[in-house]
Amino acid sequence: MTEPWRRDDDEERRGASGPVRVRVPAKVNLHLGVGPLRRDGYHELNTVYHAISIYDELTARRGDTLTLTMEGEGTGELALDDSNLVIRAAHALAGYTGAAPHARLHLRKQIPLAGGLAGGSADAAATLVACDALWGTGLSRDELAGIAADLGSDVPFLIHGGTALGTGRGEAISPVLARATSWHWVVAIADGGLSTPQAYRELDRLRETGAAGPALGSTDALLAALRQRDPRVLALALGNDLQDAALSMRPSLAATLKAGEAAGALAGIVSGSGPTCVFLTADAADAERVAAELEAAGVCREARTAHGPVHGARVT
Ligand code: ATP
């Protein structure tokens with residue numbers, strides 16, 4: 001039987017004739033449990049991913065070669081060559097399907113670079129979905145997720161979106177069946193990024209010297225908190241094993257976390273490997289207030305409000 005979302009009519013099999021625009025969210029980790037270092041160099045993760053309403057947008061048009069242009073966050077800093085995850089994703093899809101890797105791609109970036117919000121992974125996910133539609137290759141979500149996992153640990157989640165459990169190195173996703181609750185966040189964006197591999201190395205160093213806090217372990221408490229649908233309960237369950245490493249690399253984040261909680265957020269944590277800090281608030285109005293106070297306190301470059309969960313990469 002054909003999956004309901006699989007495009008099956010003639011026009012779509014040939015691919016889209018006009019531009020394909022895909023919107024993709026940023027992610028935060030509500031729980032990021034970092035286990036031991038594996039033999040392949042990755043850490044074993046136990047995480048709960050959550051997609052929030054800060055988006056990058058990728059537009060794909062027909063072309064004779066593969067080109068990438070961009071605007072927004074990171075313009076002028078981010079290389080647009082074969083090292084860019086957008087180009088790598090387009091080549092990966094072309095290699096898997098046999099399609100010619102020809103497209104004119106344009107990225108509108110709102111997710112900050114190296115911010116711990118998985119912007120690069122989001123762009124890779126958006127590219128897979130956009131080029132699959134442009135080229136009419138019609139892959140299933142599972143096939144796309146398979147290609148995604150080779151591009152990066154967070155990429156399969158950004159195809160799915162919502163709230164999901166991630167295991168392995170984060171690439172093995174199982175959706176969390178959450179009833180229709182919308183959570184309200186404030187996202188405090190820092191000046192400059194932090195390197196994810198460096199944050200993991202710093203955590204290893206802190207653990208070796210006994211300077212890291214106790215490891216978070218299982219996601220059970222977080223999953224139980226999500227089911228209660230009360231932001232005050234969820235606030236108590238948020239946790240990130242990489243937070244100590246991010247604070248050690250960027251001590252000023254302690255002031256950001258403190259300012260958010262002083263402004264009335266229910267809890268604040270570093271997002272992924274940082275330096276972005278995310279704050280859970282009681283409702284949308286509180287989020288606006290906390291964002292304004294964080295900006296006034298000068299403890300971040302910019303504070304944005306967001307809600308989650310939202311869908312993963314989708315054609316708009
Ligand atoms: P994560 O949370 O997945 O660890 P991050 O949010 O900290 O990632 P990203 O913005 O995803 O960081 O980028 C990490 C690095 O990936 C960048 O410094 C850049 O060198 C590289 N990169 C390649 N392509 C992209 C892209 N399209 N957008 C952002 N970064 C990219």
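**Figure 1. The loop that holds P309.** P309 sits in the loop between strand 11 (302-308) and strand 12 (314-315). The structure is a predicted model. The peptide bond leading from G308 to P309 is cis, and its omega is near 5°. Most peptide bonds are trans.

Figure 2. G274 and P275 are joined by a cis peptide bond, with omega about 5°.

**Figure 3. A114 and A118 in the loop between strand 4 and helix 3.** A114 is found in the loop between strand 4 (103-109) and helix 3, and A118 lies in the loop between strand 4 and helix 3 as well. Most residues other than glycine have a negative phi. Phi of A114 is positive, near 50°, and phi of A118 is positive too, near 60°. Which of the classes buried, partly exposed or exposed does A114 belong to? A114 has a relative accessible area of 44%, so A114 is partly exposed; that class runs between 20% and 50%. A118 has a relative accessibility of 12% and therefore counts as buried, since buried means under 20%.

**Figure 4. Helix 4 and what covers its buried residues.** Helix 4 covers residues 141-151. Its buried residues are L144, A145, I147, A148, A149 and L151. What lies over these buried residues of helix 4? The cover includes helix 2 (85-97), helix 3 (119-135) and helix 5 (155-160).

**Figure 5. T219 between two helices in sequence.** T219 lies in the loop between helix 6 (196-208) and helix 7 (220-228). Its relative accessible area is 6%, so T219 is buried. Apart from neighbours within four places in sequence, T219 is in contact with H31, N46, T47, V48 and L165. T219 and L30 are 189 residues apart along the chain, and their C-alpha atoms are separated by 9.4 Å.

Figure 6. For residues 223-298, an unreviewed UniProt entry lists "domain: GHMP kinase C-terminal". This span, residues 223-298, is 58% helix and 14% strand, and its end C-alpha atoms lie 34 Å apart. A263 is found in the loop between helix 10 (253-262) and strand 9 (267-270). With a relative accessible area of 15%, A263 is buried. Leaving aside neighbours within four places in sequence, the contacts of A263 are V290 and E293.

**Figure 7. The whole chain, for orientation.** The chain contains eleven helices and twelve strands. Its C-alpha trace spans about 55 × 45 × 40 Å along the principal axes. A compact globule of 316 residues would have a radius of gyration near 20 Å; the chain has 19 Å, so the two agree. Of the 316 residues, 52% count as buried. Among contacts with a separation of 6 or more, residues 24 or more positions apart account for 76%. The chain exposes about 13,900 Å², and carbon and sulfur atoms supply 50% of this area. There are 30 positive and 38 negative side chains, and the centres of the two sets lie 2 Å apart.

Notes
Residues are numbered from 1 along each chain as its sequence is written. This is a predicted model: local features need pLDDT of at least 70, side-chain atom pairs count only at pLDDT 80 or more; totals for chains, interfaces and linings use all residues. Side-chain values use heavy atoms; hydrogens and water are left out. Helices (H or I, at least four residues) and strands (E, at least two) are DSSP runs, numbered from the N terminus. The radius of gyration is taken over C-alpha atoms; the globule rule is 2.2 Å times the number of residues to the power 0.38. Buried means under 20% relative accessible area, exposed over 50%, partly exposed in between (1.4 Å probe, protein chains only). Contact means heavy atoms within 4.5 Å. Accessible areas come from the Shrake-Rupley method with a 1.4 Å probe; for residues, only the protein chains shown count as cover. Lys and Arg count as positive and Asp and Glu as negative; His and the chain ends are not counted. The place of a charge is taken as NZ of Lys, CZ of Arg, CG of Asp or CD of Glu. UniProt positions are given in the numbering used here, feature names are shortened, and annotations may be inferred rather than shown by experiment.
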